[in-house]
2 protein chains.
Amino acid sequence: MAALELYVRQGFEKTTVEEIAQSVGLTERTFFRHFADKREVLFDGQDMLQQAFLDGVRAAPPSASPLEMVTAALAVSAESFTDERRPWSRQRHAVITANPGLLERELLKRASLAAVIAGALRARGVAERAAVLAAETGVTVFNVAFSEWIAEDEQRSLAEVERKVLEELKALAA
Amino acid sequence: MAALELYVRQGFEKTTVEEIAQSVGLTERTFFRHFADKREVLFDGQDMLQQAFLDGVRAAPPSASPLEMVTAALAVSAESFTDERRPWSRQRHAVITANPGLLERELLKRASLAAVIAGALRARGVAERAAVLAAETGVTVFNVAFSEWIAEDEQRSLAEVERKVLEELKALAA
DNA sequence: CCGATGATGTCAGCCGCTGTCATCAGCCTA
DNA sequence: TAGGCTGATGACAGCGGCTGACATCATCGG
């Protein structure tokens with residue numbers, strides 16, 4: 001999206017919606033017909049990510065424990081984070097962490113992701129509280145792994161990092 | 001705060017900052033000198049909560065594991081959530097969950113709480129990733145426990161609920 | 001009694017966001 | 001092919017959150 005370039009170049013707050021719209025030959029009003037607000041431009045792929053998690057949960061074997069279902073979901077979702085995508089993810093992440101408003105939006109997306117996962121777990125027979133805890137834990141693992149994955153010197157795939165993080169979390173809880 | 005009453009009565013979005021200000025005999029401009037924005041009014045006690053968590057971490061015995069330190073922090077912070085405060089917490093929570101913008105702010109507060117806790121853990125010698133995971137897990141436990149605690153028919157104290165939730169989370173990770 | 005300091009009021013203005021109505025392109029159908 | 005339907009865009013007005021700049025006023029130590 002062209003908006004990201006502007007956010008990178010001159011910062012999120014100093015970029016006007018009119019600027020973004022004009023940079024793609026449209027009107028401010030039209031921008032707001034495509035995106036709910038100025039922040040939402042950066043969160044377009046959210047549905048795809050959510051769907052990947054859902055697919056992962058549904059594809060887990062019937063015998064899987066809640067955490068194993070979440071682990072499967074993590075693995076599936078990690079596939080879309082290819083190596084070529086890493087620089088873009090890094091840039092986007094930098095913009096988001098530089099602005100509290102964008103950070104808020106990201107946290108909301110993650111929370112709704114967790115809620116959706118919890119729903120999928122419940123649909124597979126997991127009890128309410130266990131579903132919420134497992135989903136929330138899964139998102140935490142994803143967050144931590146993602147932060148490491150976009151580091152400049154990181155070589156491992158997201159899936160690999162996720163496995164390490166999950167392992168450490170289990171050790172912590174033991 | 002008088003703002004909460006207005007938010008409850010007529011909803012957050014339909015309440016104007018000027019209304020809030022006038023309801024306490026002040027000007028809109030003065031409101032913005034006391035609070036960064038319209039949402040911030042509902043998050044005044046945040047520093048106190050954060051401090052309680054910090055005290056808890058620091059008071060944990062030197063031999064404690066990261067998760068034990070966090071457990072200690074949960075216990076200390078739970079003290080301030082007395083039974084008389086429960087109805088107010090419930091009302092506030094209802095307003096927040098009814099509005100995405102307020103929910104975003106709450107999530108940001110929780111994230112910054114987790115970051116602060118992670119910092120305290122690091123200060124006590126916990127490794128970076130373990131500190132983040134333990135802190136994040138602690139906040140998750142707090143969230144889940146808090147949600148249960150404000151339920152209408154709930155009798156247990158927040159500390160009791162927290163213990164149950166933590167126990168279940170450990171079982172999940174096993 | 002005076003001057004410094006801090007809290008509040010006033011005013012102007014930017015920008016995010018919305019409702020409303022007009023316009024226009026593509027496309028289906030008689 | 002004419003006519004009408006639909007969906008996307010533009011144009012405009014307006015609200016409300018938020019900020020900067022300056023004025024006013026109370027309080028309080030000297």
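How many nonpolar, polar and charged residues does the surface near DNA strand C have? The model examined here is predicted; local features need pLDDT of at least 70, side-chain atom pairs count only at pLDDT 80 or more, and totals for chains, interfaces and linings use all residues. Residues are numbered from 1 along each chain as its sequence is written, while chains are lettered from A and ligands numbered from 1 in the order in which they are written.

The surface near DNA strand C has six charged, three polar and three nonpolar residues. Here Ala, Val, Leu, Ile, Met, Phe, Trp, Tyr, Cys and Pro count as nonpolar, Asp, Glu, Lys and Arg as charged, and the others, Gly among them, as polar. A residue is near the strand if its C-beta atom, placed from the backbone, lies within 6 Å of it. Chain A supplies Thr16(A), Val17(A), Glu18(A), Arg29(A), Phe32(A), Asp37(A) and Lys38(A). Chain B supplies Leu26(B), Thr27(B), Arg29(B), Thr30(B) and Arg33(B). Two or more residues each come from helix H2 (17-23) and helix H3 (28-34) of chain A, and from helix H3 (28-34) of chain B. H3(B) gives the most, with three residues. Helices are DSSP runs (H or I, at least four residues), numbered from the N terminus.

The two protein chains also touch each other. In this interface, 23 residues of chain B are in contact with 23 residues of chain A; contact requires C-beta atoms, placed from the backbone, within 7 Å. On the chain B side, two or more residues each come from helix H5 (66-78), helix H7 (100-123), helix H8 (128-149) and helix H9 (158-173). H8(B) gives the most, with nine residues. This side of chain B divides into 15 nonpolar, two polar and six charged residues.

Chain B is superposed on chain A by a rotation of 180° with 0.0 Å of shift along its axis (RMSD 0.0 Å). That is the relation of a two-fold axis. The superposition is by least squares on the C-alpha atoms of residues with pLDDT of at least 70 in both copies. Of the residues of chain B, Glu104(B) comes closest to the rotation axis, at 2.6 Å (C-alpha). The copies meet through the same surface, because 100% of the interface residues of chain B are also interface residues in chain A.

Chain A is assigned domain 1 (1-44) and domain 2 (45-173), with bounds from an automatic or database domain assignment. Their C-alpha centres lie 27 Å apart. Nine residues of domain 1 are in contact with eleven residues of domain 2. The domain 1 side has six nonpolar, no polar and three charged residues.

Terms used
Two residues are in contact if their C-beta atoms, placed from the backbone, lie within 7 Å.
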